[in-house]
Amino acid sequence: MREKLGLLVCVWFVLWGSCVGRFVVEKNSLRVTSPESLKDVYECAIGNFGVPQYGGTMVGTVVYPKANQKACKSFEDVEISFKSKPGGLPTFLLADRGDCFFTLKAWNAQNAGAAAILVADDKIEPLITMDTPEEENAHADYLQNITIPSALISKSFGDSIKNALSKGDMVNINLDWRESLPHPDERVEYEFWTNSNDECGAKCESQIEFVKNFKGAAQIFERKGYTQFTPHYITWYCPDAFILSKQCKSQCINHGRYCAPDPEQDFSRGYDGKDVVVQNLRQACFFKVANESGKPWLWWDYVTDFAIRCPMKDKKYTKECADQVILSLGVDVKKIDQCIGDPEADVDNPVLKAEQDAQIGKGSRGDVTILPTLVINNRQYRGKLDKGAVLKAICAGFQETTEPTICLSDEVETNECLENNGGCWQDKAANITACKDTFRGRVCECPIVQGVKFIGDGYTNCEASGALRCGINNGGCWKGTKGGSTYSACVDNSKGCQCPQGFKGDGVKTCDDVDECKEKVACNCPECKCKNIWGSYECSCSGNLLYMREHDACISKHVKTEVSWSFIWVIILGLAAAGVGGYALYKYRIRRYMDSEIRAIMAQYMPLDNQGEIPNHVPHGDI
């Protein structure tokens, strides 16, 4: 399966390259100031990594090491350092091409203290752009940490430098990026070619990180009219011979017209290439709709929030999740759906057709074949996608003396919460918001207010929690007062909102009075007369009857009185009878006791009538 996918992707690239391929190498000037024999201006190709100093210059002295001349190993292993001594010029390392990636050469040079690296080509050919490794080799942690500028020079120029150094000459060079970008007027036009796919490894991670970090500066530029920004997305067409194949059907929309490779490069799992195409189209349409409404800068918010809230790894890379993000930013979802159209239809999509046409280079700009790609004033940016580096490159695109203040300051800051609350949750009634403005842009995070912690996702929901939650805007729950009575759907130390007894509703926005009389939930006895009141009811009885709420019944007032007095008299008589009986029993027992005592005393002094004569002698013979 992977082999078929690779073959199809290869066919796309071959067809695309053979038809319209035209890659332009972006260059900057390199001026040799010494020795005299080399003094001149040379061309060098800017590497697509590191941080070129757009709009600036850098002066240094060239060193060609005696060991590790291809810079493929750490210079610590050969005990070489290029750190400049106090008062000395920065060191530019000259390294030979070959044996390892360009990025590894730059990383080793940077770690050894070099201020820049010049890579000498190993064959006579036109200059090329040094790029980062392909995806399968792009996992190295150092790729995003390269900060020194890099440039490729021709073999003949490299040989001339080596020859001068071998003679003991000092070779001083001035790297000049001031003319690397055109700067015709007071506005900069720039494009960012990107992708919604977040499963393509280090490159995907670096580009979304760049979007998050650069968003604040980009929005300042756009709001004040300093720049004109346009996002773009690369798609390929499926060759006619493969249109009905499983590969094209899973990776293309509109009958093979617009395709993207499978994100995981495995058709048996995860998302398909056509899912990526649709999300790319949705982002392009979002920009189109936002731009037509005069707010093109919202694209930065949408792409950032989509990456955070709808990642592939969480199985949220869907239309439903995207629509939630769109709604939170106040953009019309229906207009975006109309722009997307029917991906299954056998027709051209105007937006994606324009994107494919824009991929072809015009004028000084070459074809876009590398993702991500930044194009500034129709010139492709080379170097690391870093906020500071890109900001310098854009500022270098303004005509002298027309640069905005942001280009002359060390910090960039904008309060994104001031418009549409930054797309975050808010409670206008209580003046509470989840939007927090930071230097790198706003974040949506549920707040803590007066000791009450709000919990939720920060975008669509934040709910007060804890013992005091009802003290903050009644916990976000319904509350009503009428006729001197107040009811609330909020209960401290509980979650959610629940209408109190006598009401029904969602507990948040509404709690409607329940008509107990109409719904016959109370006061249903034959003699009962029901009257509904707000939050409760009143029940009375006809005639001389009394209503008992606990039994929902009417009883006679007199019967109740007679029964009550009878019951009391029964108790009194019962107590009296018990007292008399107890007294009689007491008297009887006392009398018996006294009689027995008297009889015992008298028996000691005189015989009684019923007592026999007692003999006073013992007969003879008895012992």
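E36 is exposed, with a relative accessible area of 62%; here exposed means over 50% relative accessible area, buried means under 20%, and partly exposed covers the range in between, using a 1.4 Å probe and protein chains only. You will find E36 in the loop between β1 (27-34) and β2 (40-46). Helices (H or I, at least four residues) and strands (E, at least two) are DSSP runs, numbered from the N terminus. Although E36 and V171 are 135 residues apart along the chain, their C-alpha atoms are separated by 9.4 Å.

Before going further, a word on the model. This is a predicted model, in which local features need pLDDT of at least 70 and side-chain atom pairs count only at pLDDT 80 or more, while totals for chains, interfaces and linings use all residues. Residues are numbered from 1 along each chain as its sequence is written, and side-chain values use heavy atoms, with hydrogens and water left out.

For background, most residues other than glycine have a negative phi, and most peptide bonds are trans. Two asparagines are worth a look with phi in mind. N378 has a positive phi, near 65°, and sits in the loop between β12 (373-376) and β13 (379-380). N378 is partly exposed, at a relative accessible area of 33%. For N420, phi is also positive, near 55°; this residue lies in the loop between α11 and β14 (426-427) and is partly exposed, with a relative accessible area of 43%.

Now step back to the whole chain. The protein chain has 13 helices and 28 strands, and buried residues make up 44% of its 623 residues. Contact means heavy atoms within 4.5 Å. Of the contacts between residues at least 6 apart in sequence, 63% join residues at least 24 apart.

D96 lies in strand β4 (residues 91-96) and is buried, with a relative accessible area of 13%. Setting aside neighbours within four places in sequence, D96 is in contact with Y64, Q69, K70, K105, V119, A120 and K162.

The expected span is 1.5 Å times one less than the number of residues in the helix. Mostly covered, α7 has 10 of its 12 residues buried; among them are W299, W300, Y302 and F306. The cover over the buried residues of α7 includes β8 (188-194), α4, β9 (227-233), α6 and α8 (319-328).

Helix α6 has 20 residues and reaches 29 Å from its first C-alpha to its last, close to the 28 Å expected at 1.5 Å a residue. Because 15 of its 20 residues are buried, α6 is largely enclosed by the rest of the structure. G294, whose phi is positive, near 85°, follows α6.

Two packed helices are described by the angle between their axes and the distance between the axes. The axes are lines fitted to C-alpha atoms, for helices over the stretch in contact, and angles run from 0 to 180 degrees between N-to-C directions. The axes of α6 (residues 273-292) and α9 (residues 333-340) come within 9 Å and cross at roughly 125°. That makes α6 oblique to α9: angles under 35 degrees count as roughly parallel, over 145 as roughly antiparallel, 65 to 115 as roughly perpendicular and the rest as oblique. L281, R282, C285, F286, K288 and V289 of α6 make the contact with K335, I336, C339 and I340 of α9.

Finally, helix α4 (residues 202-223) and helix α11 (residues 387-395) pack at an angle of about 30°, with their axes 9 Å apart. That makes α4 roughly parallel to α11. In this pairing, F210, N213, F214, A217 and F221 of α4 meet K387, V390, L391, I394 and C395 of α11.
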